[in-house]
Amino acid sequence: MQGGLAVAQFLGQGSVGLSWLGERALDPEGQGISVIEAGGRRWLRAYGLTAHPNVLGGYLGMSLLVCLGALRSMSHRLRPVLWAAMGVGVLGLFFSFSRSAWLGTAVGLAYLAWVTRPWRGIEWRSARVQRALWAAGGLLVAGGLVLGIAYGELLSARLLRLSSPLEATSIRERAEDYGQAWGLIRVVPLKGVGSGYYLAALWAGVGEDRPPGFRTVHNAY
């Protein structure tokens with residue numbers, strides 16, 4: 001569901017009317033909304049039903065790993081359904097444009113492959129296996145080309161143009177968040193401040209020079 005909703009939000013560049021399920025009011029021109037600036041316009045990043053695209057990307061990345069693990073014990077009749085769900089989830093992960101989620105998913109996939117060794121026990125010379133590999137490879141290449149051609153400028157803005165005003169602000173905010181988190185770690189390095197008390201601990205540590213607020217999205221577990 002999250003993946004399909006994410007795709008609908010990005011393609012429609014706005015909310016899809018599920019506020020009763022907790023969907024945020026999403027408008028790429030609104031204040032405090034995560035967007036990508038490219039091609040002279042602001043592109044909304046998919047949120048799903050989460051508070052931020054990074055959180056959505058993290059959930060979808062973890063869900064992909066869980067589903068891949070479930071394939072090993074699932075009946076062959078149900079596997080196409082799970083593969084289709086994973087395909088929609090991957091699209092939602094892409095449209096979140098979350099670099100941290102992309103990186104985390106890539107690391108998770110590499111670890112899963114290293115642990116499970118899925119290539120063992122496969123009859124590589126089997127005609128059926130070779131047809132399946134060609135089909136899967138063709139789908140991956142075609143999907144990558146379509147997304148790359150359609151959204152190459154967005155990918156470039158997200159991955160390469162880090163000096164743009166929007167990305168520069170994002171990097172500066174991350175540096176501030178790291179400094180705040182590290183300040184708490186130095187005070188309570190072993191015990192921590194407790195789950196859910198990050199903001200309270202930051203407010204407790206400020207003096208007379210009170211900031212307008214603290215961000216939490218880059219410090220979520």
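Predicted model: local features only at pLDDT ≥ 70, side-chain atom pairs only at ≥ 80, totals over all residues.
I begin with the chain as a whole, which has 221 residues, of which 29% count as buried. Along its principal axes, the C-alpha trace spans about 75 × 45 × 40 Å. The chain contains 7 helices and 2 strands, and if you follow these elements from the N terminus on, their order is α-β-β-α-α-α-α-α-α. As for how the chain meets itself, if we take the contacts with a separation of 6 or more, 52% of them come from residues 24 or more positions apart.

Now to the strands, β1 at residues 35–38 and β2 at residues 41–44, which run antiparallel and are joined by 4 bridges.

Next come the helices, and I will start with α1, residues 2–12, and α3, residues 79–96, whose axes come within 7 Å and cross at roughly 45°. The crossing in which α1 passes α3 is left-handed. Which residues make this contact? On the α1 side they are G3, G4, A6, V7 and F10, while α3 contributes V88, G89, L91, G92 and F95. Sorted by class, the residues of the contact of α1 with α3 comprise 6 nonpolar and 4 polar, with no charged ones.

The helix α3 also packs with α4, residues 99–116, and here the angle is about 140°, with the axes 8 Å apart. Only angles over 145 degrees count as roughly antiparallel, and α3 and α4 are therefore oblique to each other. In this second contact, L93, F94 and S96 of α3 meet A101, W102 and T105 of α4. The classes in the contact of α3 with α4 are 4 nonpolar and 2 polar residues, again with no charged residues.

To gather the helix part together, α3 is in contact with α1 through residues including V88 and F95, and with α4 through residues including L93 and F94.

Definitions and conventions: Residues numbered from 1 in each chain as written. Heavy atoms only, no water. Pairing = 2+ DSSP bridges. Axes fitted to C-alpha atoms, helices over the stretch in contact; angles between N-to-C directions. Left-handed = near helix turned anticlockwise from the far one by under 90°. Contact = heavy atoms within 4.5 Å. Nonpolar A, V, L, I, M, F, W, Y, C, P; charged D, E, K, R; others polar. Buried < 20%, exposed > 50% of the residue type's maximum accessible area, 1.4 Å probe, protein only. Parallel < 35°, antiparallel > 145°, perpendicular 65-115°, else oblique.
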